[in-house]
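The points are numbered and may be followed alongside the structure.

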Amino acid sequence: MSIRAEPEPSVDLDRQITLLDLVDRLVGKGVVLHGDITLAVADIDLIYVGLRALISSVSTLEEQGAGSR
Amino acid sequence: VIWLYAVTDHCPDALPNVTGHDSRRLQQTCTAELAGIWSECSREQPARLTEDALWRQETVLEALMDDRTVLPLRFGTVLGDVDELLAVLTRRQDSLRRALDRVRGCVEMGVRARLEPADIPNSPSGGSGTDYLRARAGEHAIAGTLHRRLAAVSSAADKAVRRGAAPVFVGAYLVPEPGLDRFRDAVHELVADHPDLSIACTGPWPPYSFTQEGELAS
């Protein structure tokens, strides 16, 4: 679901905002079982390295989208 | 090595017909009260942090959410084996159950809004100090207005203001499922009342932002 104030909602922008919300939640929220868990992923930093490009492209888009009207 | 997606209520039902990462079969390991949902993964490379992998994880959680209460785990949570999972579920049983009780019957909704009207400078260098302070106070007031309206139709709420090139309000709301229409109505009202804010709403999500990890960590 998506509700936008834009007169002509951009499908791509909606998709990117949803992705940004997804990244925020999956990587930044959720139950953490520290101490109990081999936080695999080789190194947790790798997650953020891998995500950096993704997040920055989404953030840029969000700002562009917000300013495009 | 097993990749964990969620902790749920103990559930005698079969798992939903979706596959996990790498097309692996979803499996569950139950204690008397809880279930851990997982799939096998490679020890060498458990996580492929791609957009597809993030959506795969979300697809699994949404399918689980259809017939049980779900506590999503942080992406990248991997355990050595099922015995390790059973040990965690047993040791954390009370706090995990409390966390499940808090989100039972609820989904999470996300709301973003651009707080900065286009004609107000974003930094002191873009205008006078007075303009800048006025802009910051305005953001604070608008964020409060949005959050109060949405929190009033939610059972729990969380908000932040992110400062990139432009300030963005980011709110998360735990909404009882029967109240979803009421929540959406509130969003539509805000969109109508604040056409300049570029408000976006996403969801329903699994309750990622309301897993109360602080209490779980105790």
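1. B:L64 is in contact (heavy atoms within 4.5 Å) with B:A6, B:L15, B:P16, B:I37 and B:V70, residues up to four places away in sequence being left out. The model is predicted: local features need pLDDT of at least 70 and side-chain atom pairs pLDDT 80 or more, while totals for chains, interfaces and linings use all residues. Residues are numbered from 1 along each chain as its sequence is written, chains are lettered from A in the order in which they are written, and side-chain values use heavy atoms, without hydrogens or water.

2. A second nonpolar core (buried Ala, Val, Leu, Ile, Met, Phe, Trp, Tyr and Cys residues joined through side-chain atoms within 4.5 Å) lies apart; its 22 residues include B:M109, B:A143, B:L150 and B:C201. Buried means under 20% relative accessible area and exposed over 50%, with partly exposed in between (1.4 Å probe, protein chains only).

3. The largest nonpolar core has 24 residues, of which A:L26, B:L54, B:L64 and B:F75 touch the most other members. At least two residues of this core come from each of α1 (11-28) of chain A and β1 (2-9), β3 (34-40) and α1 (51-65) of chain B. Helices (H or I, at least four residues) and strands (E, at least two) are DSSP runs, numbered from the N terminus.

4. In α5(B), the residues B:L180, B:F183, B:A186, B:V187, B:L190 and B:V191 are buried. These buried residues fall within an arc of 140 degrees (directions from the helix axis to the C-beta atoms), so they line one face of α5(B). On the other side, B:D181, B:R182, B:A192 and B:D193 are exposed.
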